[in-house]
Amino acid sequence: MNESDDARTGRILWGVGTSRTIRPHWALHELGLTYEVKPILPRTGETLTEEYTALTARQKIPLLQDQGMVITESAAIIAYLSDAYANDQNRLVPTDARQRASCLEWCFFIISELDATSLYVMRRHRDLSEIYGEAPTANQAAADYFQKQMRTVERALSDGRPFILGDRFGAADILLSSCLTWAVRYQVPVSDLALAYNRTLTARDAYQKAEQRNTPVRKA
Ligand SMILES: N[C@@H](CCC(=O)N[C@@H](CS)C(=O)NCC(=O)O)C(=O)O
């Protein structure tokens, strides 16, 4: 598959280089879908252009354009792709109401407790401290909070299951893996059990391919 083949799919993913952008790249590869990448990065002005703002007034990545539809929010993009394109072998969000509820429970927990209220707080007051201010107490509290919230993850994984919901890979694994990789990068202590789980996930062929496409393009 070359780039012009990708462009013919009518599917464009905007955004590379972050823990949020890897998620839809990974889902697209798990589902075997082709797509064009617009390799824009945050904090470069590339999310603020007129063209991009016309797509999303939120001015955030990732964003998926698919057959005329525009959707933002990494977890919502994964759920949409699964609902629209998965088969019984590669479904990322179950269709059965109870299994779907368990999957979404983990997804919302990961997005709100591990991402937004822990890791993103640290991003604001570390990497983006010139905008949001230095806040060492908030950073330490966010790291402690992350570790506390991880207890339920560790409890679930302690029975030896390969994936967070049991024996089937899915959306919650993509989200959780991206947060674990992010936590390791920020030197937040992560248990051996969670690290081993994340190693299995990131060894997946779809992750490896997604990682390549999520890598920022070097400017000459
Ligand atoms: N909850 C959103 C978060 C998206 C988000 O905050 N993206 C950041 C990059 S990881 C961004 O686009 N920032 C734009 C900017 O600050 O220029 C998601 O999961 O998709």
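User: Which residues does Asp-115 touch, leaving out those up to four places away in sequence?
Analyst: This is a predicted model. In it, Asp-115 touches Arg-20, Arg-23, Ile-110, Tyr-120, Cys-179 and Trp-182.

User: Where is Asp-115 found?
Analyst: Asp-115 is in helix H5, which covers residues 97–125.

User: Is Asp-115 buried or exposed?
Analyst: Asp-115 has a relative accessible area of 3%. The cut-off for buried is under 20%, so Asp-115 counts as buried.

User: What about charge overall, how far apart are the mean positions of the positive and negative charges?
Analyst: They are 2 Å apart, with 26 positive and 27 negative charges in the protein.

User: Switching to strands. Which way do E3 and E4 run, parallel or antiparallel?
Analyst: Strand E3 (residues 63–66) and strand E4 (residues 69–72) run antiparallel, and 4 bridges join them. One of the pairs is Gln-65 with Val-70 in E4.

User: How many residues sit between E3 and E4?
Analyst: There are 2 residues between them, and the two strands form a hairpin. Gln-67 lies in the turn and has a positive phi of about 50 degrees.

User: And what joins E1 to E3?
Analyst: 4 bridges join strand E1 (residues 11–14) to E3, and these strands also run antiparallel. Within that pairing, Arg-11 stands opposite Asp-66 in E3.

User: Which way do side chains point along a strand like that?
Analyst: As a general rule, the side chains of a regular strand alternate between the two faces of the sheet.

User: What is the phi of Glu-73?
Analyst: The phi of Glu-73 is positive, about 75 degrees, although Glu-73 is not a glycine. Glu-73 is in the loop between E4 and helix H4 (74–85). With a relative accessible area of 49%, Glu-73 is partly exposed.

User: So why isn't Glu-73 called exposed at 49%?
Analyst: Exposed requires over 50%, so at 49% Glu-73 is classed as partly exposed.

User: What about the phi of Gln-187?
Analyst: Gln-187 has a positive phi near 60 degrees and is a residue other than glycine. The loop that holds Gln-187 runs between helix H8 (171–185) and helix H9 (192–202). Gln-187 is exposed, with a relative accessible area of 69%.

User: Now the whole thing. How many helices and strands are there?
Analyst: The protein has 10 helices and 4 strands. Along the sequence the pattern is α-β-α-β-α-β-β-α-α-α-α-α-α-α.

User: What radius of gyration does it have, and what would a compact globule have?
Analyst: The protein has a radius of gyration of 17 Å. A compact globule of 220 residues would have one near 17 Å, so the two agree. The C-alpha atoms fill a box of roughly 45 × 45 × 30 Å along the principal axes.

User: How much of the protein is buried?
Analyst: Buried residues make up 45% of the 220 residues. The accessible surface comes to about 11,500 Å², and 51% of that belongs to carbon and sulfur atoms.

User: Last one. Of contacts between residues at least 6 apart in sequence, what share joins residues at least 24 apart?
Analyst: The share is 66%.

Conventions: Residues numbered from 1 in each chain as written. Predicted model: local features only at pLDDT ≥ 70, side-chain atom pairs only at ≥ 80, totals over all residues. Heavy atoms only, no water. Pairing = 2+ DSSP bridges. Rg over C-alpha atoms; globule rule 2.2 N^0.38 Å. Buried < 20%, exposed > 50% of the residue type's maximum accessible area, 1.4 Å probe, protein only. Contact = heavy atoms within 4.5 Å. Areas by Shrake-Rupley, 256 points an atom, 1.4 Å probe, with all protein chains shown as cover. Lys, Arg positive; Asp, Glu negative; His and termini not counted. Charge placed at Lys NZ, Arg CZ, Asp CG, Glu CD.
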